[in-house]
Structure formats: structure tokens, C-alpha cells
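Work through the exercises below with the sequence and the structure open beside you, and try each task before reading its solution.

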Amino acid sequence: MTSLIVIAGKAAPLVLARPCEGLRFAVGGALRRDFALYDCFDQPLRRSGRVLLRTGRDLILLSDDVAPISQKVDPGRGSVPAIASGAVCDALTGLPPLRALMVQCAGRAETLSVAVLDDMEKTCLRMQVITLSAQSGTATLVLTEPMRGYDRAHQRVVDALLDFEGASRGATGLWPLLLPGVQPYQSKPEVPITADEPAHRVAADLIRSSMSVSRQNEAGIIEDIDTEFLHDYRIGLRRIRSVLSLFRDVFPPEETDELQREFSELMAPTGRVRDLDVYLLGKPGFFALVPEALHPGLDLLFARMKTERDVAQRALARHLRSDRYTARVAALDARLTDPSGLPPGPEGDRAALPYAQALIWTRYRKVCKLARRIDADTSDDDVHRLRIHCKKLRYLMEFFGPLFPKKKFRKILRPLKGLQDILGLFNDYSVQQLELSRYLHPDDGAPVETDMAAAVGALLATLSRLQAGERTRVVASFADFDNRAVRAVFEELFHQPEEAGR
Amino acid sequence: MHVIACYSNKGGVGKTATSVNLAHAIARSGRQVLLCDLDPQGASSYYFRVKPSKRLSETRFFEDSDRFADAIRASDFDGLDILPANRSFRDFDRFLSRIRSKRSRLSKALVAGGAEYDVVVLDCPPNFSLLSENVFRAADRIVVPVPPSTLSERTFEQLVEFFKDQGLPRRKISAFFSMVEGRKSLHRDTMARMRAAYPKRFLAASIPYSADVERMGLRRAPVAEYAPRSKAAACYADLFGELAL
């Protein structure tokens, strides 16, 4: 099997100077080209032990024990070449569908083609020794290509390569050498919590962690690499706002209010782009909802949305690059990292566990109370209210998750997620109707194309029907959530008898 | 899968050179080739710098499919593998019958990179024996190099007679003239006579007597590798083309 060995630094001369006994290295040729190492932002290739490397026009996908897969690409003008078809494209599985590849590291590469010969001058294996030099680091990649019947010679060469200082097998070792200090991005890093930790410290840790997540996404939003940067940026901010509103009285009220305002203002300019991203990502779904005859109208609608989105995105990028924004988040960051920046409020010193139990229990009771009242006659507003409470319950459970046994937690999270999915759809359909009807009555009073009006009209009718359908499912889904087993777990984990009267 | 046997019942006729250069030409055309060095005096493994494996001298070798597969060596050329020389081919007839059976463990072991070999070239030992008879039955083509000499004329006659006596299909025989020296009238006359006697058995292509071919022993590589523009290399390419594999 092919082996992939990574050695620190520019190791090619060292490697070539030390062949195994009875073997000789014959260097066939050297190629000097530029290189780029690609992965998505959350580094799924790195996590799965793979390397996607372009040297010149050659794109190769490498992993240990699998023969390299390669195809030619046109490096083109963009930072990542288009890989729409080809052997590498077919083999690039397991990438998150909404994520785009980006350049993780770039520099100069020198590729040596080496034949390993025995005493009869017979080739026993071939190797490619690729030296990658970037500003952030240097590494040597050795790819062996074994030949049938010469396994022993191959094994000897691999063992000798692994004897070099800083050598390791597989692609994983490449990353710390080329990008020292860069850890794979995590959209929801777990924040450790201990049971007797004061609640205000838990809140501060959660806020800091989410703030760091949001800030890591800024560059990707500005460069408009994929939609997930903005999505994660917003989730980070939303989690902070939830901590501020759900962790009641852990900070002084005036501090909480001020931070709420700050984060709400950070969030405000991002909403429009995200809304339009969601529409554009769901485009095939919308087309499936209306008859084919009306598709030309939808094409018009989505073309308009795309233009609007790109304009809004550029405005957002300008905003994120502005001195005002930079100064504002820098000040916030400084405040969050300063130990005295977030002083404890009236409830701030309560121990995390009883504090969490009380918050979750109260929220759970509210969800049940509201949900049990829902029937065919309940107003849409009440369904929305239920959705918000479920969301808050879910956030609390996620924040305090580390304090509770994982297995039991999963048991109650699953039906909650099921209920939330249906409430989410109900809400989406309702928001979409509101939003789409705006395209029938543009703010500037411009006339609307007949095709588009017809398509939007059909879409509105379908969405309204779908919304009604989800509503009837809310009751059934709540019944799933509100069963004896789930109730027992909630009771066991979160209900404190002495708090019962509160 | 095509099985091609390079055979001659007379030694020193350029049989091994044919096996080596033909196998190389087939591999160059993009097919997966296995060259089996069955001639204990032959040197096709030597030409590819492949050492005979110790394990190969053990008896009953061809009965063990896994050991058979283990003995195969990649040559330095893409798509061309070698089964090195073996002194014991007692079970070779069994090998030949199994190579044809898709379901046998042998044919399953006989794969190159997951796929079956497109062509198997057998470099055969130069005598009539039970082995040769089995080779004649198993092979799709029997490629026979014939130097244009009186002695060769007689041995070729014997071969054709042998086919007749054993009821073997003579159309499998693809003979060609090798070590041809066009300036010798003896060569020209013999060739004309034999082509007239066996009009369907001889290919149009012939291989000249050439220093380039002789140098194979020194260079230990197929002619097309070290003398790609030589007459000999062109003639082997013609031979391969005419076999229309």
C-alpha cells in the first residue's frame, strides 16, 4: 500500500543521502512550482486524515494507505480552482455540503521523482519527495509507490523514513508543521462547567467562547467564502444574547442591559443577508412547490433575491471592515477578557448546578403549560410563543449540558428537537409568506412582472397550506415530548424539592 | 484474457527476445500484461532485472494460488508484470487449465491492481513435451520465431506435423522470420519457399538480425527502451500490430 510520510523541515537532501543497505536512490527529475493546500474552514479533510494539495496544475488528494488521486486543474483567477468534475472531485466525499474549500496554506513546492533501485538496478519502488515551503512553516512529504513483489524493500524504506527526526505516518502531521498553532475550527466548542462554580463565571465563559466563535468567522464573511461563516457568526451572537437574557441576574442589571444592546446592534446588520442566503439555499425546494409553468416567474424572483443579497453582502463586508466596527468589538473583547469586566450580579454567586436546575425546570414547566393548551383554535401567536420557549429551553440545556449525564440528556433532547423542527417549519412558512408578499408590493412602488407575481402568488398559497399542516403536527409532536418517560427524566435531573414552591 | 505462447522447438532463435519485446509492446499499448518465464534456460526475467525467487524453486508451486500471486513482480514498465523463472513446472498443466477457469482461485489471484490481466505471455521451454502440448491447447496464439535456415525449416515442419498428429488447431500458429539477414540469398530463398509452403502460418512482419537486439543482454531492457528508433524496435512494433491483440 502507498505510504504517506511527513518529515519536518526541508528533509529531501537528508532523505536522499541515506538509502537503505543494498538500495540506491535515482533522482529522475525536480519540479519547482507553487502550491496551495485546501480545506473547508472547519477542516473536514484534516480531521479525516486527508490532504488536498495543488502543485502547479496538478491537484492531488492524499491519505495514508490509499493511492493518491489526481487530476489537472486550471488554477484560474480565484483562490480555489473549480473542481466540478474529475477523479479528485469524485473522491472528495464527506465534505459539508454548505462549506466551500479555501486556501489554508500556500507557498513553493519542489517535487523530486525518485526510483529506489536494488543491486540489479531493478526499480523496487518509486517515491515522490515534495518539499512544501510556506511563510508559516516547512514540511517534506514523501509518497511511496510500492511495486508488486517488492513489499519487503518498500517496508524497509518506509521504516527508514520514519526513523528521521520529526517524521510521522499519515497526513495529520503535515498541519502542525505548515500551520503551527492553527487548531481546527469548532462552531460549538464545549465550555467545561463544574457543579459548584459560581453562575456568573459560567455565563462569562459561555459569552467569551461564543464571542471567539463569532470573531473567527469575520474574515470568511468579508471574503464571502460560503454562507456558513455568517450563519456561525450569528449563532455566536445569538448564544451570547441568550446567556444575557436567560441567566437572570448573574450580572448587575445595568451591565446586562448595556451588553444586550451592544450585541443586538452587532447582530442587526447581518439579518438581511442571512435571510436571503436561506432563500437562495432553499431555491430547489421552492421550485418544487409550484407548477413548472410558473418557474420562469420564480427565476425572476430568485435573480432579484441574488442581486439583493450580493448588494447586502457587500454592505455587510464594508461594515465589518470599518474602523468603527473594529474598535467596537475590540473594546467588547477587552471587556470580556478583563476579570473585573463582568462583575457578579445579585444571583451571580449561586452555584452552577442548582442555578441551572432551577432555570431549566421553570422553562420546562412553561413549555408544557403552553403546549398543553394548543389545539385547532389556538392563535398563531401562541404557537410562536411556544417556539420561543422551546428555543430557550434548548439553549439552557445546551449551555448546562456538561453538568448532566449525557445518556439521559440525549433521551430528552431528541423529542425536544423533534418538536422544535416542526415549530421551526411552522415559523419558516409564516415568515416566508410575509417576506415573499413584499415582492408583490415593492417599497419603491415599481410595477411587478406578471410572471413573477403569478409565481409568488402560487408560492404563498402553498406555504399557507403547509403552515396549516405543520400546525396540526405540533400537537402530535408535543405528545411525543410530553410522555411519562421524558417527564420523569426532567423531574429527576432538574426538579429540586426545596425549590418546588418558587 | 488472451494467452500468447512464445514457442520454438529449436534453441537460439530469438524466442526470449520476442517474449520480452512483445510483452513490452503490448503493455505500452495500455494493456495489463503478465510475462511468465517458463524456460529454465530462458532469460526473460534477467532482461527485466528480476531475480528468481527462492520460493519459486519449491515443488507444487502452481497448486498454490496465493504463492503464485506472491511470486509476481512488477517490472520497471507500467502495466507489465513478470512471473520469474522457475526450475520446477511439474504442475504447470494444472496452472494452464486453471488460468482459463474464471472461478478458479488461481484466476482470482491472477489480478493486477484489482483487474484481470489483459494478456498473459508465456516464454516456453524449447522441446516437445507434455508441457508444450498443454501450452498449445491453452494458448490462443502460438508465436513461433523461425530463422530462415534449412535446419529451422525442418523443425518448423516437425511442429506443424505435431499439430496435425495431435489434432491441434494449426490456425493458432503465428510464425514469423527472425534473425533475418536480407543480404543473404539463402535467407531470401528460404523465406520465399516457406511462405509458399505455409501461406497462412507466416506473418508479414519479420525481425532482422540486429546488433540492437543482441545488446539486450547488456542493457537488460526491451529494445524499444534503449533504441526506440532502431529498425528492430520498429519491427517488433509491426509484429505486435499484426497479431492484432
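**Exercise 1: Domains of chain A**

State how chain A is divided, and how far apart the C-alpha centres of domain 1 and domain 3 lie.

Solution. In this predicted model, chain A is divided into domain 1 (3-178), domain 2 (191-339) and domain 3 (351-502). The C-alpha centres of domain 1 of chain A and domain 3 of chain A are 49 Å apart. As a further step, an unreviewed UniProt entry lists residues 192-487 of chain A as "domain: CHAD"; over residues 192-487 the chain is 77% helix and 0% strand.

**Exercise 2: Helix α16 of chain A**

Check the span of helix α16 (residues 406-437) of chain A against its number of residues, then find what its buried residues pack against.

Solution. Begin with the 32 residues of α16(A), which at 1.5 Å a residue should span 46 Å; the end C-alpha atoms are 44 Å apart, which agrees. Next, pick out the buried residues of α16(A), including Ile412(A), Leu419(A), Leu423(A) and Phe426(A). The buried residues of α16(A) pack against α15 (380-400), α17 (450-481) and α18 (484-494) of chain A.

Technical notes: Residues are numbered from 1 along each chain as its sequence is written. Chains are lettered from A and ligands numbered from 1 in the order in which they are written. This is a predicted model: local features need pLDDT of at least 70, side-chain atom pairs count only at pLDDT 80 or more; totals for chains, interfaces and linings use all residues. Domain bounds come from an automatic or database domain assignment. Helices (H or I, at least four residues) and strands (E, at least two) are DSSP runs, numbered from the N terminus. The expected span of a helix is 1.5 Å times one less than its number of residues. A residue is buried if 20 or more other C-beta atoms lie within 10 Å of its own, exposed if 12 or fewer, and partly exposed in between; C-beta atoms are placed from the backbone. Two residues are in contact if their C-beta atoms, placed from the backbone, lie within 7 Å. UniProt positions are given in the numbering used here, feature names are shortened, and annotations may be inferred rather than shown by experiment.
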